[in-house]
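Hi,

Here is the structure I promised to pass on. Have a look at it first, and then read my notes below.

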Amino acid sequence: MVDSTWGTGEPPRDVLGPVADGQAFDDHHPPRADLIADCVHCGFCLPTCPTYVLWGAEADSPRGRIYLMNEGVNGEPLSGSMVEHFDKCLGCMSCVTACPSGVKYDRLIEDTRAQVERRYARDRGDALLRRAIFAVFPYPRRLRLLRGPLMAYQKSGLQKLVSRSGLLERLGPTLATLESLAPRLRKVPPPPRRVAARGTRRAVVGMLTGCVQGAFFPEVNSATVRILAAEGCDVVIPSGQGCCGALSVHNGRREEAVGFARRLIETFEHTGMDYFVVNAAGCGSSLKEYGELLADDPVYARRAAAFAAKVRDLAELLDELGPVAPRHPLPITVAYHDACHLAHAQGVRAQPRALLRGIPELKLREIADPELCCGSAGIWNVLNPVPAAELGDRKARNVVATGAELLVTANPGCMMQVAAALRRQGAGMAMAHTAQVLDASIRGPVAAGELLARWGDA
Ligand code: SF4
Ligand code: SF4
């Protein structure tokens with residue numbers, strides 16, 4: 001049988017060192033000592049770290065986690081408490097933005113997590129939960145199968161009954177969290193495989209439909225296709241494109257991520273695309289790192305780097321191309337929430353704001369403490385439901401304080417997390433993806449009330 005690590009540059013599983021070799025890390029991509037040494041322990045990152053803000057413990061700060069990595073590199077064993085502090089990191093990369101010394105915490109935590117996943121035996125409950133999550137979440141078809149039962153649950157009134165009974169809370173916070181996160185589903189036809197540019201073609205764009213985005217927010221994908229076509233792009237959307245691997249790589253499952261990445265590259269590399277567009281922040285940040293993810297792979301390294309160079313977040317691409325489609329007025333007040341993997345990991349902050357400001361009559365408000373994560377962080381909110389709810393509630397209070405009618409963001413995880421927190425606080429604010437707002441403005445004059453009603457039960 002061929003080992004699944006073949007060609008990835010990773011050692012085959014059967015020659016990995018035994019977990020009980022007394023060392024935290026093996027020598028296959030451990031957190032790099034030179035990157036650890038870049039940290040000068042100044043502490044500037046501490047106030048922007050959500051876990052430090054929540055618990056005030058040094059070991060739950062970026063500086064503390066880097067210290068623990070250093071212990072591991074220097075031969076300390078991988079203890080349960082060390083793993084817990086690494087696990088509690090949301091991977092929000094707020095510390096990367098805050099750090100004046102340019103510490104590459106993103107690289108460090110990714111390498112650390114891959115070591116933990118390979119070398120640490122998790123307790124049964126934790127291992128089972130993770131296995132269940134990764135058997136479903138990175139598979140668009142499996143996620144889409146959940147749509148029917150979920151819609152029936154929502155529409156039959158059963159959801160209201162269950163929520164009033166408090167049954168899920170009694171069964172456990174993980175189940176209650178999963179249920180509270182599920183967005184209100186709508187029937188939307190799947191996007192066609194190819195959509196032609198309106199007017200003169202300016203670019204050919206491959207588009208990722210995504211796992212959670214495709215299954216739970218298909219209307220965001222539809223809006224994305226319409227905007228791209230209106231802005232002069234041919235849009236190519238191959239079916240069966242699968243997962244980009246973001247969730248896997250952010251959780252230390254590097255081999256799995258490598259497999260997803262290879263498949264996605266194969267699916268798109270012969271489409272003739274000039275750009276590869278993504279409308280989910282977490283996916284975009286991973287896709288831009290395909291070059292590093294596949295750097296050891298002799299067959300894919302060059303192809304991965306070429307692919308990554310074409311990746312753009314939707315707002316980034318639209319800003320780069322410049323507008324040609326006329327915008328109609330949208331007389332609404334919106335608050336824009338920076339998704340961590342867009343703002344901190346990709347540095348995309350100005351472009352979505354510029355797009356929103358380009359809509360006549362739209363007023364844009366800023367949210368206090370924008371650098372602090374909403375607590376979604378991929379599957380962090382499912383694995384850590386209680387602190388995630390605390391972060392969500394904090395974000396929701398700041399959102400409500402803006403007085404905006406509509407919350408706009410660009411990541412499905414943030415939409416679900418903040419919507420759940422707003423519902424808990426009884427603040428029924430409408431929510432939309434940046435793509436939906438722009439699409440509404442391009443399509444034609446719409447009454448503000450109609451828009452808010454359309455987005456009101458996200
Ligand atoms: S990634 Fe986020 S949670 Fe993790 S150490 Fe950095 S700021 Fe803290
Ligand atoms: S801001 Fe950077 S250098 Fe300072 S403690 Fe944090 S990671 Fe280290």
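A quick term before the ligands: I call a residue near a molecule if its C-beta atom, placed from the backbone, lies within 6 Å of that molecule. Keep in mind that this is a predicted model, where local features need pLDDT of at least 70, side-chain atom pairs count only at pLDDT 80 or more, and totals for chains, interfaces and linings use all residues. Residues are numbered from 1 along each chain as its sequence is written, and chains are lettered from A and ligands numbered from 1 in the order in which they are written.

Ligand 2 has 14 residues around it, and C39, C42, C45, R63 and C99 come nearest. Helix 3 (62-73) and helix 5 (94-98) are the elements that give two or more residues to that shell; helices (H or I, at least four residues) and strands (E, at least two) are DSSP runs, numbered from the N terminus. Around ligand 1 there are also 14 residues, with C49, P62, C89, C92 and C95 the closest. Here helix 2 (50-55), helix 3 and helix 5 each give two or more residues.

Now the overall layout. The protein chain splits into domain 1 (27-119), domain 2 (136-181), domain 3 (194-319) and domain 4 (327-455), with bounds from an automatic or database domain assignment. Between domain 1 and domain 2, the C-alpha centres are 34 Å apart.

There is an open sheet of five strands, with mixed pairing and the order 1-3-2-4-5. Strand 1 (194-195) and strand 5 (311-313) are at its edges with a single partner strand each, so one side of each has no neighbour in the sheet. Strand 1 pairs with strand 3 (residues 233-236) in the antiparallel sense over two bridges (pairing takes at least two DSSP bridges between the strands), and R194 sits opposite V236.

Further along, strand 6 (residues 333-336) runs parallel to strand 7 (residues 363-365), over three bridges, and V334 has L364 as its bridge partner there. Strand 6 is also joined by three bridges to strand 8 (residues 406-409), again parallel, where Y336 is partnered by V408.

V334 is worth a click: leaving out residues up to four places away in sequence, V334 touches L356, L362, L364, A404, L406, V408 and V437, where contact puts the C-beta atoms, placed from the backbone, within 7 Å.

Cheers

Notes. Contact = placed C-beta atoms within 7 Å.
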